[in-house]
Structures are given as structure tokens and as C-alpha cells.
Amino acid sequence: MKKYEDIRIKNLIIKNRLILPPMASTTGSLEHRVTDETIAYYSRIAKTGHLGLIIVEHAFVSPEGAASRHQLSISRDSDIEGLKALASAIHSYDIPAICQINHAGGAIRSVDTGHRNIGPSTNLGLKYFEPDISMNNEDIDRVISDFVSGALRAKEAGFDAVEIHSAHGYLLNQFYSPLSNLRDDDYGGSIENRLRIHFEIIKGIRENLGDEYPIFIRLGASDYMEKGNTIYDGKEASILLEKAGVDLIDVSGGLCFYRRPGKEDEQGYFSDASRIIKRNVSVPVILTGGIREISVAEKLIDDREADLIGIGRPILKDQEWLGKLF
Ligand SMILES: Cc1cc2nc3c(=O)[nH]c(=O)nc-3n(C[C@H](O)[C@H](O)[C@H](O)COP(=O)(O)O)c2cc1C
């Protein structure tokens, strides 16, 4: 990768503009712990070099927010030990490690987790993301507190930053999208209201982890669906999230998931969103989605469409793939 300046976010120094986006590796145990396989998987990736950051796959902040059987948990203090070993394995290759924290909300059916299936609203008429229960204020306060506790554990485990997952139709994305948030209280309606739970989580993390701990957000900027969020909502949301204190915006898709129907072959298929966001915030912006060539990654950076470029699925399939590009 052509030489670009390091990016500095507080004490975090990013020395390469290519990054590993969070991707569920399904290497967690059935108890949702980090396994030897998890460590070996991330070590193979880190060893190749060329990466400025490794964002570890989503870990659930509470059992009701679990998304899958082999997902990692960050919901118990006893998870810290395994996560610490993982962060330390990545650090041994001199690459910063970021922990993504998530609550799946209505994106998962109750039958899958044995827990209540909650979300901002019910009866959405959507094919996916159908919560059984609309969250009351107590539920909202509990989820905020679970995210803050998850972030505290990420720091304790030695991660260099925490990334809040608000993309791909999971709980926080469900609040942000007008397609899944039909509330008429303080948490629904205007974009400020749809992001209120995000602001409260960010505030809680700041208060507990201090001003120097970097907070990233993965934002499902646009839904690319009728009546859903547009790239202009993504821009407004990013401005508001930066004001609320996030240190980086990691752009992905909303209720369209991480895909861009009809544009799958385009390298950087969310660049319409990342470009408008990049031009309106001063924090670094990550773009991921379909990027497979170094020359394309460099062009996206040179054209100011993003500061950092994520490459996912090829590395998920072959952890040594990146090394073969150079
Ligand atoms: C199997 C799989 C698991 C994923 N898990 C996560 C995840 O845990 N958190 C997340 O934000 N995105 C997740 N993603 C989305 C990726 O981070 C990325 O945005 C997507 O693969 C598109 O980028 P790519 O074309 O470079 O693969 C996942 C994608 C795949 C294929």
C-alpha cells in the first residue's frame, strides 16, 4: 500500500490504511468463549501484516442480544480472560485490536436464543427484524447499561478501542432506521430521537471509560430501501454522532445488511454514503464492501471517499489472502 500518513485517534496510531472489518468467524465455543481456534484464526490474519487495525467480530453485550450459536460474548466478567488473550495475540503482531459490541435485538427470533426478542417496535411488516416485544424505558436503560459494561470489559481486556454496532439491522440500527422504529416517544420520530439510545450509550461509555478511550461506531448509514434511511440521513447521523463523541465512523449498510443489492460487483459499493459522510465530519471514516484490489483502495482514499478501507470476505475465506496481494 502506497505510503500514507499514520492516523492518530487519541493514543491509537493506525499505521496502515487497510483494516480487517468485524466478521463472525464462528470459532467461539458453545459457551460463547474465545477458543484456541479463535486465537489461531486472528493470528493468521495479523501475521500477514499490511493491516492498520483488526476489528474483532461482534460480541454480544447480554444473552438476550446474542445473534448466533458460536458468537463471542462480552456479557460476563468471566469473558475477559479469553478476550484478553485474543487482544494480546493481535498486539504481538503490532496491530491495534478493536472490539465490536452488539445487541441483536429483533434480528434474531426468540426461539434461537431462548430469550425475549426485543426491539424498538413490533408489527413492522418486514421480512426480517421482527421483534416480539417493543422495548419500554426499563428495557432501554438496561440495554444502555449492558453496552457500557461491555465497553468496560473490552477496555479491561486490553482492546485499543470499542466499536458500537449499529448496522445490518441489529438493535441499534433498528432504532436508527425509520422502517423498524415506529415509536412516538423520545426514542422515535426525528433522527435525533432515533439516535437517542446511541447518544446515551456513548455518554455512558465516556463517563465510565474516560475521554481518552476511542469509541468507534459501525453505522448502517443508508437502508437503500423505500422509506428507509438515505445517504443524507447517514450524513446527518454521522454529524450528530461525532458531536456526541465518537472518534470514528465505520460505514456499512443498514437494513439491506452488508450487501448492496444490484451493486455487488462495484468495489466500494457504499462509497456514495462514505463520501458524503467523510466530507461532513472530521473524524476518520472506514469504507468496506466489495473492495478487492489495492489500486482501488488507494483511489478511494485519494478521492477522499474514506480514510481507511476494510476488506472482509476474501480474508474470512483465506486468512493469508492479503499477503498474496503484495
Ligand atoms: C460471515 C460474515 C460475518 C460477518 N460478521 C460481521 C460482524 O460480526 N460485524 C459486522 O459489523 N459486520 C459483519 N460482517 C460484514 C463485514 O464486516 C463486511 O462489511 C462485509 O463482508 C462486506 O465487506 P467485504 O465485501 O469486503 O466482504 C460479516 C460478514 C460476513 C460475510
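Modeller: Let's begin with Y258. Leaving aside neighbours within four places in sequence, Y258 is in contact (heavy atoms within 4.5 Å) with H168, S252, Y269, F270 and R313. This is a predicted model, where local features need pLDDT of at least 70 and side-chain atom pairs pLDDT 80 or more, while totals for chains, interfaces and linings use all residues. Residues are numbered from 1 along each chain as its sequence is written, and side-chain values use heavy atoms, with hydrogens and water left out.

Colleague: Where is Y258 placed, and how accessible is Y258?

Modeller: Helices (H or I, at least four residues) and strands (E, at least two) are DSSP runs, numbered from the N terminus. Y258 sits in the loop between β11 and α9. Buried means under 20% relative accessible area, exposed over 50% and partly exposed in between, with a 1.4 Å probe and protein chains only. At 32%, Y258 is partly exposed.

Colleague: Why is α9 described as largely enclosed?

Modeller: Because 6 of its 8 residues are buried, α9 is largely enclosed by the rest of the structure. Those buried are S271, A273, S274, I276, I277 and K278. Their cover includes β10 (215-222), α8, β11, β12 and α10 (294-302).

Colleague: How do α8 and α9 cross?

Modeller: Axes are lines fitted to C-alpha atoms, for helices over the stretch in contact, and angles run from 0 to 180 degrees between N-to-C directions. The axes of α8 (residues 231-244) and α9 (residues 271-278) come within 9 Å and cross at roughly 35°. I231, Y232, G234, K235 and S238 of α8 meet D272, A273, I276 and I277 of α9.

Colleague: And H58: buried or exposed?

Modeller: H58, in strand β4 (residues 53-60), is buried, with a relative accessible area of 8%. Leaving aside neighbours within four places in sequence, its contacts include A24, L72 and Y170.
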